Amino acid sequence: MTTTEASAALSIRAGSTLLLDADLLERNQCLTVHSGLVRVSASRPEQEALAAHPVTLGFLQAGDQLPLDLLRTTRLHLEALTAAQLVEGCPLEPAAGSINLHEWTLSLLLLRNLNDAGQRIGALLQLLVERLGRRNGAWYELPLRLTHAELADLSGHTRVTVTKQLSRLRNLGLIEQDAGPGKTLRISPELLEA
């Protein structure tokens, strides 16, 4: 990263959300996540920003790219799930293993085409593990906490359906979740192989 890139960074504190303004969108075609984990969501610009219920488009981590070309007619919300820093611009050759927002959005759209609730929740958990999960012993762990309502939004199901499916997976020993504020979700490799 050059000195110019470092000075053109957007910093977001963990738990905070940044709304991208028109000036930033006008002068950039792309942003790159330098560090942290960010949920990228969109809402309609005619809605009051604080009253909007943004739609999650994907999650980006260090090295991932946020192309802005198709997002100029929406309001972008960048929520830092961990302290995050983004830099203006994207390298022509993305880092090996990096993901861009378009790939996330397409993957979420395709999993909504699955008719069976169990398949859809399983596919969502598999996508989250493939893109964000970390192996910890016999389990994969997700570095973010998602509520049943958030999982419902991502999968296109109701919160009740997600709760039933997660209970079924928990009873089968395919997922575990800690009690308490962290509530780390652990996913068995067996679920990913199904």
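Reader: Let's start with a single residue. Where is Asn 100 found?

Author: Keep in mind that this is a predicted model. Asn 100 has contacts with Leu 60, Gln 65 and Pro 67, leaving aside neighbours within four places in sequence. As for its own place in the chain, Asn 100 sits in the loop between β8 (84-88) and α3.

Reader: Is Asn 100 buried or exposed?

Author: The cut-off for buried is under 20% relative accessible area. Asn 100 has a relative accessible area of 19%, so the call is buried.

Reader: And what separates the C-alpha atoms of Asn 100 and Leu 124?

Author: Along the chain, Asn 100 and Leu 124 are 24 residues apart.

Reader: On to the helices. How are α3 and α4 oriented to each other?

Author: Helix α3 covers residues 101-111 and helix α4 covers residues 117-132, and their axes come within 10 Å. The axes cross at roughly 160°. Angles over 145 degrees count as roughly antiparallel, and α3 and α4 are therefore roughly antiparallel to each other.

Reader: What is the make-up of the contact of α3 with α4, by residue class?

Author: From α3, the contact takes in Glu 103, Trp 104, Ser 107, Leu 108 and Leu 111. From α4 come Arg 120, Ala 123, Leu 124, Leu 127, Leu 128, Arg 131 and Leu 132. Sorted by class, the residues are 8 nonpolar, 1 polar and 3 charged.

Reader: Which way does α3 pass α4, left-handed or right-handed?

Author: This goes with the crossing at roughly 160° described above. The hand of the crossing of α3 past α4 is right-handed.

Reader: How are α4 and α5 oriented to each other?

Author: Helix α5 covers residues 148-155, and its axis comes within 10 Å of the α4 axis, crossing at roughly 100°. The range for roughly perpendicular is 65 to 115 degrees. So α4 and α5 come out as roughly perpendicular.

Reader: Which residues of α5 meet α4?

Author: On the α4 side, Arg 120, Ile 121, Leu 124 and Leu 128 take part. By class the contact has 5 nonpolar, 1 polar and 1 charged residues. The α5 side is made up of Leu 151, Leu 154 and Ser 155.

Reader: Which residues of α6 make the contact with α5?

Author: α5 and α6 pack at about 105° with their axes 8 Å apart, and are therefore roughly perpendicular to each other. α5 brings His 148, Ala 149, Leu 151, Ala 152 and Ser 155 to the contact. α6 brings Arg 159, Val 162, Thr 163 and Leu 166.

Reader: Staying with α6, is Val 160 buried or partly exposed?

Author: Val 160 belongs to helix α6, residues 159-171. Anything under 20% would be buried and anything over 50% exposed. With 44% relative accessibility, Val 160 is therefore partly exposed.

Reader: Now a strand residue. Which residues does Ser 41 contact, leaving aside neighbours within four places in sequence?

Author: Ser 41 lies in strand β4, residues 37-43. At 5% relative accessibility, Ser 41 counts as buried. The contacts of Ser 41 are Pro 54, Val 55, Thr 56, Leu 57, Arg 75, Leu 76 and His 77.

Reader: Last one: which residues does Ala 62 touch, not counting those up to four places away in sequence?

Author: Ala 62 sits in the loop between β5 (55-61) and β6 (65-67). With a relative accessible area of 47%, Ala 62 is partly exposed. Its C-alpha is 9.6 Å from that of Ile 99, 37 residues away in sequence. The residues that Ala 62 touches are Val 33, His 34, Ser 35 and Gly 36.

Key: Residues are numbered from 1 along each chain as its sequence is written. This is a predicted model: local features need pLDDT of at least 70, side-chain atom pairs count only at pLDDT 80 or more; totals for chains, interfaces and linings use all residues. Side-chain values use heavy atoms; hydrogens and water are left out. Axes are lines fitted to C-alpha atoms, for helices over the stretch in contact, and angles run from 0 to 180 degrees between N-to-C directions. Helices (H or I, at least four residues) and strands (E, at least two) are DSSP runs, numbered from the N terminus. Angles under 35 degrees count as roughly parallel, over 145 as roughly antiparallel, 65 to 115 as roughly perpendicular and the rest as oblique. A crossing is left-handed if the near helix is turned anticlockwise from the far one by less than a right angle, and right-handed if clockwise. Contact means heavy atoms within 4.5 Å. Ala, Val, Leu, Ile, Met, Phe, Trp, Tyr, Cys and Pro count as nonpolar, Asp, Glu, Lys and Arg as charged, and the others, Gly among them, as polar. Buried means under 20% relative accessible area, exposed over 50%, partly exposed in between (1.4 Å probe, protein chains only).
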